[in-house]
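Here is a short note for a first look at this structure. Please keep the view open while going through the points.

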Amino acid sequence: AARLARVLLEACREPFLVDCLSVRLTASVGIARPSAAQPDAAGLIAHAAYALHRAKIAGRDRCYPTRQK
């Protein structure tokens with residue numbers, strides 16, 4: 001997942017043209033994995049939201065994997 005996130009971030013950084021204007025994007029990616037403590041979808045979504053929030057706090061244009069126990 002982290003490798004795919006890095007590839008996605010790199011692809012987003014490539015400028016593209018919109019109506020003859022060069023546009024650059026950045027992205028933030030949060031990665032969550034299910035754990036034995038919270039195997040349900042709601043827990044996974046909460047961890048993914050937290051990871052995305054941490055990626056943005058770290059400076060945007062980043063990937064942040066959660067570390068679940």
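1. A term to start with. Buried means under 20% relative accessible area, exposed means over 50%, and partly exposed lies in between. Glu 10 has a relative accessible area of 45%, so this residue counts as partly exposed. Bear in mind that the model is predicted.

2. How many salt bridges does the structure hold? There are 2. They link Glu 10, Arg 13 and Asp 61 in a network.

3. Take the pair within the helix. Arg 13 forms a salt bridge with Glu 10. Their closest N and O atoms are 2.3 Å apart. Both residues sit in helix H1, which covers residues 2-13. They are 3 residues apart, or about one turn of the helix.

4. Now the other partner. Arg 13 also forms a salt bridge with Asp 61. Here the closest N and O atoms are 2.8 Å apart. Asp 61 lies in the loop between helix H2 (41-57) and strand E4 (63-65), while Arg 13 lies in helix H1, so the pair ties together parts that are 48 residues apart in sequence.

5. The cut-off for buried is under 20%.

Notes. Residues numbered from 1 in each chain as written. Predicted model: local features only at pLDDT ≥ 70, side-chain atom pairs only at ≥ 80, totals over all residues. Heavy atoms only, no water. Salt bridge = Lys/Arg side-chain N within 4 Å of Asp/Glu carboxyl O. Helix = DSSP H or I, 4+ residues; strand = E, 2+ residues; numbered from the N terminus. Buried < 20%, exposed > 50% of the residue type's maximum accessible area, 1.4 Å probe, protein only.
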